[in-house]
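Welcome! Please take a moment to look over the sequence and the 3D structure before reading on.

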Amino acid sequence: MANNVTAIEIAQSGIRMAIGYVQNGKVYLLQALQGERIPLDSDGGISVKAAEESIALLFQTARKALGANFDFGPVIAIFPGKNFRCKEGEGTTLTVDKLNHIRQLDYSNCINMIQKETREDGYAAVCCAPFLFVYDNQAKREFLPGLSSEKLTVKADCMLLDSNDVHRYRKIFNDLDIFPYLELVDVYASLCFLQGTFIPEKFLFLSLSEDHVTFSLVEERRLLLSESLDLGIADFIKGFSTQSGAPLKEAETFVRLFGFVADTDHIVAPLPHVTTLDTIRRVLEKAFAPILGKADELSDSLHLEQNVPLVLFGSGAEIAGIDAFLSEGTGRECYIVNNNSIGARSQDFIPCLGAIKASSLPYQLSSNEGQRQAEDEVIRKTFFGRN
């Protein structure tokens, strides 16, 4: 059996933990757990103490289910990708092996150079995603350890987050004596879940989470940029509650049950001040309008062709009819990520699933300021995002 991996996602809506493994390119989960909502500290950041308590409780719960001697394997940390930056960089090194065989250390040296090249004040590198390897003068999409080459050049997208936020997230793990071997941004982890599947060459990757909505541009399986709204699904539901006059709890239940489904039979809506589902759908569309506004803004600024589709994931993607609403409002085809895994059906766990899938890559994605290195003997020939 493949080795276990534990993915832990830091999220205000609740810490998520997924324990599983990759076999034949498919993710299998043994446990998928989510903690209570995490409060914010006085400075507006996720509470370190509350997050630590939640992670500790999730480990206790998982151990009770899986057994006292269960091996959780290496840990992958997933950080919130709100307003992260993605910068392309390039690193070149002479191979260190006496026979000029490509080694993991050569790759790590290139990543160190890329991090220095893309460094920005106030930001910290979380991970680098390679997309091109050049062996002497021969370019490949794949990493080929053992290949004879005097020189290696790596081109990669380096993902940066606010350094204060990264320090906070790392402190949460360090205080618990957990030292993740891999750190990923949530949107990029979700994209990793789609590797090896049929996806458009270019699309807007739309994360509909409880806390924030994030648009990312993906082209040729590269995450090129990302922009967020300071609003999430929970905020849109609150707006719907206010506009419909329904108590928040009833409004949330209604949205989860009916969503944007069209009313062909003039069903009476079980909420005050509204008569039919059609009536309430118009109120719901108004509450969710900021997503359409941001999509239009991005489309205009990036000059996106109309045939570039939206690919949706996150808890908001589970709202009935939201894909049709977004398709009609943007004029773009919309697709919802299929959670093609064993053990977790919720869209909330897509980043954790992607992180586990990323663990099967034989080269290091995570940076931790370039200090982590993998063992050469675990490296195998692989294709990154290519079949």
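What follows is a short tour, from the whole chain down to a few single residues.

## The model at a glance

This is a predicted model, in which local features need pLDDT of at least 70 and side-chain atom pairs count only at pLDDT 80 or more, while totals for chains, interfaces and linings use all residues. Residues are numbered from 1 along each chain as its sequence is written, and side-chain values use heavy atoms, with hydrogens and water left out.

The protein chain holds ten helices and 16 strands. Both kinds of element are DSSP runs numbered from the N terminus: helices are H or I over at least four residues, and strands are E over at least two. Of the 387 residues, 55% count as buried; buried means under 20% relative accessible area, exposed means over 50%, and partly exposed is in between (1.4 Å probe, protein chains only). The chain exposes about 17,500 Å², of which carbon and sulfur atoms supply 48%; such areas come from the Shrake-Rupley method with a 1.4 Å probe, and for residues only the protein chains shown count as cover.

Contact here means heavy atoms within 4.5 Å. Among contacts between residues at least 6 apart in sequence, 68% join residues at least 24 apart.

Strands of a sheet pair through backbone hydrogen bonds, either parallel or antiparallel. In this report, two strands pair if DSSP finds at least two bridges between them.

Strand β1 (residues 5–9) is antiparallel to β2 (residues 16–23), and five bridges join them. In this pair, Val5 faces Gly20 of β2. The antiparallel pairing of β2 with β3 runs over eight bridges, and Met17 has Leu33 in β3 as its bridge partner. These two strands form a hairpin with two residues between them, where Asn24 in the turn has a positive phi of about 55°.

## Helices on the sheet

Ser47 sits in the loop between β3 and α1 and counts as buried at 8% relative accessibility. Its side chain reaches the backbone nitrogen of Ala50 at 3.2 Å. That is a polar contact: a pair of N or O atoms within 3.5 Å where, within protein, one must be able to donate a hydrogen and the other to accept it, and residues adjacent in sequence count only if both atoms are side-chain atoms.

Ala189 belongs to helix α4 (residues 186–194) and is buried, at 0% relative accessibility.

## Strand β6 and its partners

Strand β6 (residues 123–135) is mostly covered, with twelve of its 13 residues buried. Eleven bridges pair β6 with β9 (residues 151–162) in the antiparallel sense, and Leu132 stands opposite Lys155 there. β6 is also joined to β7 (residues 138–140) by three antiparallel bridges. In the hairpin of β6 and β7, which has two residues between the strands, Asp136 takes a positive phi near 55°.

## Cysteines without a bond

How many disulfides are there? A disulfide is a covalent bond between the sulfur atoms of two cysteines. Here the rule is a pair of cysteine sulfur atoms within 2.5 Å, and the count comes to zero. Cys86 is in no disulfide, as the nearest cysteine sulfur, that of Cys158, is 7.9 Å away. The closest cysteine sulfur to that of Cys158 is in Cys128, and at 3.4 Å this is too far for a bond. Cys86 is buried at 18% relative accessibility, and Cys158 is buried at 0%.
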